[in-house]
Amino acid sequence: MRIAACAVIVLSGCVEAAKHLQLLDGVQVAIHDAVSAGRLIAVAMRPSKHETSGIGPGNRDNDKETQILEQQRRRLMIENSRLHNELQRFRSSPASSQTYRPLVDYELLPARILSRQGLPDALASLMIDAGRAHGLTHRELVLDASGMLLDQGSDAGIDDGRIILTGSTVVGRVERTGRWVSQLQPVTSTDFSAQVRLIHRTSQPSSSNSSTEGILEGSGGGCRVVGVPETASVSVGDEVVSADINGITGPPLYYGTVTQAEFQSAGEWLITVRPGATTTEIERVVVVVPKLDMERITGNQMDPEQRRQL
Amino acid sequence: MKQVLWITMLAWGAVTIEEARPDLIPAGAILLPLLAAAMLWTTSGTGIFTGGVILILAGIIRPHSHFLQPAAFAAAAAFLSAYRQADPWESGQRSFLQPPESAHPLILVCIGATLLFVPGFVNNSESQTLVWNRTGQFTVIAIPLTVVLTALMKLAGELGLRRTV
């Protein structure tokens, strides 16, 4: 008997702990369900209002209210049980555990503008010493860069051709990558080109915005968009955004605004674009690096194997 | 096994009735006297454990009951059952601290009721009037029921229907 009493004490403590951890929701519903049938029988066996005598009008109102509340309580209990069952079904279904995970995501690597006019001599000598100690070649150090330099390189995961942003505006791309520094090619550079989309905003909010694709090129002091056919609708004030990021479909990145749009004799538009950001104003940038979702890839590799085993 | 079965059946019936008419029968007003009688009737570990587990399960659907209630109830039942088995009347060693056998179910019910209603008095979140009303309803039902059950146990003993250890 003492053992039984001790067992009840221990069990009582365990149940209280489980109650605090909210682990007893299912048990609570199960007990309610177990009692529910008998309770309904007992309620059905209740004497009706006509059979009861000596009930005043006030008591009748109270009884009616109690009856309504009891019906509500039963409805809520049934609803609660139904929702509980649905939740259990949802949790056990495979769809609940599968959430959409994109294959490619973009990592934004922060970087700072190290220099706007190539590598300073003082820094170059330091890098040469450090590079010699690490066995790096001259090319890996990017010592002969003439333009803007970022203070991040291949050691941070940056490769050639990656888009460089400030906010969501494209500043340029990585032209050359060294071990510790990278060279920035601004959008105004004559060597710069990118696939872009021109967003034509209509004045009427109900009508949809149209877009046209073209190629943005640097023109030295600014940018221009070429390859837009004359049939396309272009006007001053249209916004120029990226069509892709390194060939991969992604969020539109802002390049600039159309400031001039004229017909060329070749049947194409000559579109001048004012860049959204100039390199003279910025100090910090981010480099967009596409990354594969390794967790998803690993999972996808394992699943067919598991399926074969099954 | 039989003991477990009939205690469970009785308790299920009691909880069912209490849940069907919560406006008239407060929680535990039937269950506590029934379990007290059942535990003291069986005077075995199985009966005490079964009663304790039923109280724990009842406590899960009645959040207002104190979690110590099943533990205290089972411990008291074990304590009183030990006295019943010792049969102090025959040894002539009965003292004031050893209450008569007929009072055992009532003591158990009082212990259970104390842990059922005292938290309501201590906790200011509940209306004191409501707790007093519930306590009054409980007393009106539970005490007579306990007395009836005690009388039935005594009668069964007198008629030789009760198995004595």
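**Confidence.** I began with the scores, and found that the predictor gives the complex an ipTM of 0.76 and a pTM of 0.44. For chain B I noted an average pLDDT of 81, with 84% of the residues scoring at least 70. I then went through the elements of chain B and saw that α2(B) has the highest mean pLDDT, 90, while helix α5 (residues 88–91) has the lowest, 54. Where pLDDT is low, the predicted coordinates should not be read in detail.

**Overall make-up of chain B.** I counted seven helices and zero strands in chain B, and the order from the N terminus is accordingly α-α-α-α-α-α-α. Of its 165 residues, 43% count as buried. I also looked up how far apart in sequence the contacting residues are: among contacts between residues at least 6 apart, 67% join residues at least 24 apart.

**The α1/α2 pair.** I looked next at helix α1 (residues 2–20) of chain B and α2(B), whose axes come within 9 Å and cross at roughly 170°. Angles over 145 degrees count as roughly antiparallel, and the two helices are therefore roughly antiparallel to each other. On the α1(B) side I listed Q3(B), I7(B), L10(B), A11(B), A14(B), V15(B) and E18(B), and on the α2(B) side L31(B), L34(B), L35(B), A38(B) and T42(B). I sorted the residues of this contact into nine nonpolar, two polar and one charged. An α-helix has 3.6 residues a turn, so residues three or four places apart point the same way.

**T43(B).** Moving on from α2 (31–42), I came to T43(B), which lies in the loop between α2 and α3 of chain B. Most residues other than glycine have a negative phi, but T43(B), although not a glycine, has a positive phi of about 45°.

**Helix α3(B).** The helix at residues 45–61 of chain B has 17 residues and reaches 25 Å from its first C-alpha to its last, close to the 24 Å expected at 1.5 Å a residue. I noted that 14 of these 17 residues are buried, so α3(B) is largely enclosed by the rest of the structure.

**Helix α7(B).** I made the corresponding check on α7(B) (residues 128–158), where 31 residues reach 44 Å between the first and last C-alpha, close to the 45 Å expected at 1.5 Å a residue. Its buried residues are R134(B), F138(B), A142(B), L145(B), T146(B), L149(B), T150(B) and M153(B). Looking for what covers them, I found that α2 and α6 (104–122) of chain B are included. After α7(B) I recorded G160(B), whose phi is positive, near 75°.

**The contact between the chains.** Last, I turned to the two chains together, where 23 residues of chain A are in contact with 26 residues of chain B. On the chain A side, α1 (2–20) and α2 (25–44) each supply at least two residues, and the largest share, 11 residues, comes from α1(A). I divided the chain A residues that touch chain B into 15 nonpolar, five polar and three charged.

Definitions and conventions
Residues numbered from 1 in each chain as written. Chains lettered and ligands numbered in written order. Predicted model: local features only at pLDDT ≥ 70, side-chain atom pairs only at ≥ 80, totals over all residues. Helix = DSSP H or I, 4+ residues; strand = E, 2+ residues; numbered from the N terminus. Expected span 1.5 Å × (residues − 1). Buried ≥ 20, exposed ≤ 12 C-beta atoms within 10 Å, placed from the backbone. Contact = placed C-beta atoms within 7 Å. Nonpolar A, V, L, I, M, F, W, Y, C, P; charged D, E, K, R; others polar. Axes fitted to C-alpha atoms, helices over the stretch in contact; angles between N-to-C directions. Parallel < 35°, antiparallel > 145°, perpendicular 65-115°, else oblique. pLDDT = per-residue confidence, 0-100.
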